[in-house]
Amino acid sequence: HLDAVVHDLSEKFSKGSDYFTMLLSAFSGMNNDKNQHLRNFFVIVPALTMSYVDHIIVCKEKVTKKGKTASFTDDGFALGVAFILKLLRQTQDFESLHWFRAVQDHYKDCSEEIHQDMEERRRAKKQKADAEISTMKLTNNKIETARKEFELLFYAFRSSRVFLTERSTEADVLPDRSERR
């Protein structure tokens, strides 16, 4: 009986099985009039990514506060968002937002502004300058942490898109977005 199970599993995981196409087929029913609320799903992705990054930062801080050394990643969110965008044929719509570039530019601008303020405080040599500079350093560290997490999310999202692109034939499964409007 074990040989039959192993043989069955081998067949199911062979190159002939394309589970991604099967997933697309299974969820292709999402593109109907009943789910019109998903027509602009791509618009909420930026808010979802912000919430995700905040959550990951809190999780990593909890691990660090307990004095444990640990490392983890969560690419399930990125893969899930990439899959839904692909399923709904909204990947290009999301890309048109230039969200990840905007986030990167925002954090860069914030960091530069803090560095300029710190430099001004150092030059002024005010009595409270040391305390203010310490606060600015902490703020800059938080900004840098968030920037790094967004960068990790960006790479996970790009990797997920590559994975989904290589395996999919969405034109065979899903109607064009213009047909749904």
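Q: Hi! Which residues make the nonpolar surface patch of about 270 Å²?
A: Leu2, Val5 and Val6 make that patch. Patch members have over 30% relative accessible area and no salt bridge, with nonpolar side chains joined within 5 Å and like charges within 9 Å.

Q: What kind of model is this, and how are residues numbered?
A: This is a predicted model, where local features need pLDDT of at least 70, side-chain atom pairs count only at pLDDT 80 or more, and totals for chains, interfaces and linings use all residues. Residues are numbered from 1 along each chain as its sequence is written, and side-chain values use heavy atoms, leaving out hydrogens and water.

Q: Is leucine 2 buried or exposed?
A: Leucine 2 is exposed, at 64% relative accessible area (buried is under 20%, exposed over 50%, partly exposed in between, with a 1.4 Å probe and protein chains only).

Q: Switching to charges: how many salt bridges are there?
A: The structure has 5, each a side-chain nitrogen of Lys or Arg within 4 Å of a carboxyl oxygen of Asp or Glu. One of them pairs glutamate 149 with lysine 60 at 2.7 Å, N to O.

Q: Where do those two sit?
A: Glutamate 149 is in helix α7 (residues 129-167) and lysine 60 in helix α3 (residues 45-65), 89 residues apart. Helices here are DSSP runs (H or I) of at least four residues, numbered from the N terminus.

Q: Is glutamate 149 buried or exposed?
A: Glutamate 149 is buried, at 10%, while lysine 60 is partly exposed at 26%.

Q: Last one: how many disulfides?
A: The count is 0, taking a disulfide as two cysteine sulfur atoms within 2.5 Å.

Methods
Areas by Shrake-Rupley, 256 points an atom, 1.4 Å probe, with all protein chains shown as cover.
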